[in-house]
Amino acid sequence: MSETATTPKKSPRKWLLTQNSDLRRIGVFNWTLPAFAIQLPDGSNFNVCPQAGVCARFCYARVGTYRFKNVRAAHIRNLLLCRDTPEEFEARMTEELSHKRYSGKWIRLHDSGDFYSEGYLHTWLRIMKNSPGVRFYCYTKEIRLFKRVLAESAPDNFLWCYSLGGKEDKYIDLTKERHADVFPDVEALIAGGYTDQTESDLLSVLSESPLVGIPANRIPYLLKKQGKGTFGSLQRERDEKLAAKKSARSQELALVH
Ligand code: SF4
């Protein structure tokens, strides 16, 4: 009687960082959270993008494949890991980034979601400092948080691009600070004097010009809603309307008193 030795199969490692087809093409890995205001499995609500403004109306990460049950579940798992167990998240992410598959690579933080708290930003800054062989980049609408926390010391391996369409657009110097705006199409962004980042998402942080133009996703009803405006121009319109309402209200109150 002969016995065949069987080696138990190792289950494949579950990576925290993933790649979609666009990012795989340019060798970038991605950390994703859910977009904007969501309801969590315990029934509580949480806003992952506290400074989102008009962008939330056009957000590609709230439609299409992002709504698939398994995709949403994975993004929520990511959020709960970094929000509820930040030490575990930091340790697991730092360990994962030491793997050779990330050596010399770029990691994009948040193709959806944003830095929802200062503590979460600090967690990432420590991960970056402890992962010197890896480079990181992001878009963010957390303008004041970034200016305050990163003004004096930012990790050498981290670049970022402010993105328009948020409540803090007004704190960006559009003439010289790196920022991205979403235009209806490539022709419109070129006409607006912006650099087209279609070729590679890394141009958002590596292009010579700090004015980064993104053509809107080809989702017909979102394109219709956006019309000829850009996220930046639509946010300015919203800010002006809100300011006018506020001033009318203060005048009314002044008349009453
Ligand atoms: S900040 Fe980004 S992910 Fe969040 S709502 Fe705006 S476009 Fe969507």
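What percentage of the 257 residues of the chain count as buried? The figure is 30%. This is a predicted model, and the points below take its parts in turn.

1. Overall build. The chain has nine helices and nine strands. Its C-alpha atoms fill a box of roughly 100 × 45 × 45 Å, taken along the principal axes. Among contacts with a separation of 6 or more, 67% are between residues 24 or more positions apart.

2. Helices H3 and H4. Two packed helices are described by the angle between their axes and the distance between the axes. Helix H3 covers residues 86-97 and helix H4 covers residues 118-129; they pack at an angle of about 30 degrees, with their axes 10 Å apart. Angles under 35 degrees count as roughly parallel, so H3 is roughly parallel to H4. The crossing of H3 past H4 is right-handed.

3. The contact between these helices. Which residues of H3 and H4 make the contact? From H3 come Pro 86, Phe 89, Glu 90, Met 93, Thr 94 and Leu 97. From H4 come Gly 119, Thr 123, Arg 126 and Ile 127. Sorted by class, the contact of H3 with H4 has five nonpolar, three polar and two charged residues.

4. Phe 36. Most residues other than glycine have a negative phi. Phe 36 has a positive phi of about 60 degrees although it is not a glycine. Is Phe 36 buried or partly exposed? It counts as partly exposed, because it has 18 C-beta neighbours inside 10 Å, and a buried residue needs 20 or more.

5. His 110. A positive phi is also found at His 110, about 70 degrees, although His 110 is not a glycine. His 110 is in the loop between E4 and H4. His 110 has 20 other C-beta atoms within 10 Å and is therefore buried.

6. Lys 105. This residue lies in the loop between H3 and strand E4 (106-109). Lys 105 counts as partly exposed because it has 15 C-beta neighbours inside 10 Å. What separates the C-alpha atoms of Lys 105 and Val 28? The two residues are 77 residues apart along the chain, and the separation of their C-alpha atoms is 6.5 Å. Leaving aside its neighbours within four places in sequence, Lys 105 is in contact with Gly 27, Phe 29 and Val 134.

7. Arg 83. Helix H2 (residues 69-84) contains Arg 83. With 17 other C-beta atoms within 10 Å, Arg 83 is partly exposed. Arg 83 and Gly 165 are 82 residues apart along the chain, and their C-alpha atoms are separated by 25 Å. For the pair Lys 105 and Val 28 in the previous point, the C-alpha separation is 6.5 Å.

Technical notes:
Residues numbered from 1 in each chain as written. Predicted model: local features only at pLDDT ≥ 70, side-chain atom pairs only at ≥ 80, totals over all residues. Axes fitted to C-alpha atoms, helices over the stretch in contact; angles between N-to-C directions. Helix = DSSP H or I, 4+ residues; strand = E, 2+ residues; numbered from the N terminus. Parallel < 35°, antiparallel > 145°, perpendicular 65-115°, else oblique. Left-handed = near helix turned anticlockwise from the far one by under 90°. Contact = placed C-beta atoms within 7 Å. Nonpolar A, V, L, I, M, F, W, Y, C, P; charged D, E, K, R; others polar. Buried ≥ 20, exposed ≤ 12 C-beta atoms within 10 Å, placed from the backbone.
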